[in-house]
Amino acid sequence: MNTAIHQEDTIAALATPPGVSGLAVIRVSGADAIDCVAAVFRGGDLRQASSHTMHHGHVLNPQGHTIDEVLAAVFRAPRSYTGENSVEISCHGGATAYRAVLDRLYAAGVRHAEPGEFTRRAFLNGKMDLSQAEAVADLIHAQSEDAHQASVRQLEGRLSSFVEGIRSSLLHCLGMLELSLDFVEEDVEFLTAERLRSDIAQAEAKLRDALATFRSGRIIREGVKVVLLGKPNVGKSSLLNAVLGTQRAIVTDVPGTTRDYIEEQMMLHGRPFRFVDTAGLRETHDRVEQLGISASTEQLRDADIVCGIIDDPAESEGLEVLRSLAADIGARCIGVLNKCDLHTHPLVTDTDLVSISALHGTGLDVLLQRLADVAANIGMLPASYEVVVTNVRHAACIERGITALGRAASAAEAGRTEECIAVELREAADALGEIIGVVTTDDILNGIFSRFCIGK
């Protein structure tokens, strides 16, 4: 989206889910929003209406006939969600009704909004910073109370205040260093070396504490990621289907049936879980299967729990390999012995091995309880956290800031020049600025707001 070209347009979109419902809300925003709605509305002159007032009336077609009976809420700039003149039209929720109202608005010169365009305008008009704008999308898609609360805290500006506080401290140091450069011939020290090192160390420590919350924050936002891992035909796809209660994955007795990973979500004990079925791990010359195994291995990188699945009690060595793979990425591993109905002695001595039959559902409740118990003990927040980092973009920016501050600290310890230290401080400040949108590009904005739903 080219911001310079489209920012002046008046836009409209359905702000409620499409389908059949009692009501539908159409959001209109832009400099001409009130005039455009007034041109198709009968029930009082919206052009003269005060901000934050509701008006009963009808939307009319060009012949003056009623399209729908509506309520129009007027919000005048800058006291609106977008910071622009806005009108929210509540009409009947049938698809025919709200489409007819939208078509009438489009005919009156209003453009259909792009995904996330209302919130993008709110950001561009200073109604919220970029991290708060992202929190809007997170709040809409929150699947648990923890995710909801984390989104609310971010929308309230807690992350913004935290980031801005550290960034302001860095910019102060940067300003003092640059001032020293202006008076280099007078040999004036505006910021002592000890104070500089202390400020850098404090900023780095705060950022590291924030980054330490990211795993917990990702689990809160996205759910606990459970990867089903094992050799071909041990029953990974059958287990996925049994957990979901539906035939999501194809199951056959042909080894290597799953050629790619399959991911599905479910709620377990009030928490969202993401179950990932993977291609069976084995040596193969089949190019497609090799690609599937490679993609499945990639899924391990951010796994929280690995279900290491075997179908033979004698496969203890293979289970240890799976446990080792989980340990390498810091995930917990739950050993699963599938097809217990086929074993003469299905109950083994390994206390961390759950015996199940994915086909018959035997032991499934025990496995799900074990998953819930393990999940309750991972991703615990540090005792003294100020904010929770839930967004991978924010985490990447914080990592860049920490790296730059590390270089700045090394330069200060080595007695390098103010110019060298200032470059690193500027890099750290810019990285943090990207979180709140003080430093940004159209590419960053397009990537963020393209993930929003239309109407938000």
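How much space lies in the second largest pocket? I found about 380 Å³ there. A pocket here is an open set of points on a 1 Å grid over the protein atoms alone, where a 1.4 Å probe fits, with protein on both sides within 12 Å along at least five of seven lines. Its volume is the space filled by probe spheres set on the points, which are joined across faces, edges and corners.

Notes on the source: this is a predicted model, in which local features need pLDDT of at least 70 and side-chain atom pairs count only at pLDDT 80 or more, while totals for chains, interfaces and linings use all residues. Residues are numbered from 1 along each chain as its sequence is written, and side-chain values use heavy atoms, with hydrogens and water left out.

**Pocket lining.** I listed 19 lining residues for the second largest pocket, and A137, D138, R221, N391 and R451 lie nearest its centre. A lining residue has an atom within 4 Å of a point. Two or more residues each come from α5 (130-141), α6 (145-155), α9 (214-222) and α14 (392-413). Helices (H or I, at least four residues) and strands (E, at least two) are DSSP runs, numbered from the N terminus. By class, I noted eight nonpolar, five polar and six charged residues in this lining. Asp, Glu, Lys and Arg count as charged, Ala, Val, Leu, Ile, Met, Phe, Trp, Tyr, Cys and Pro as nonpolar, and the others, Gly among them, as polar.

**Strand β11.** I checked residues 305-310 and found six of six buried (under 20% relative accessible area, 1.4 Å probe, protein chains only). I305, C307 and I309 are on one side, with V306, G308 and I310 on the other. In a regular strand the side chains alternate between the two faces of the sheet. β11 pairs in the parallel sense with β8 (residues 224-230) over five bridges, and L228 has C307 as its bridge partner. Pairing requires at least two DSSP bridges between the strands.

**Backbone checks.** I looked up H52, whose phi is near 60°, positive for a residue other than glycine. H52 sits in the loop between β3 (41-42) and β4 (53-60) and is partly exposed at 41% relative accessible area (partly exposed lies between the buried limit and the exposed one, over 50%). H269 also has a positive phi, about 55°, and is exposed at 55%. I also noted a cis peptide bond between A77 and P78, with omega about 0°.
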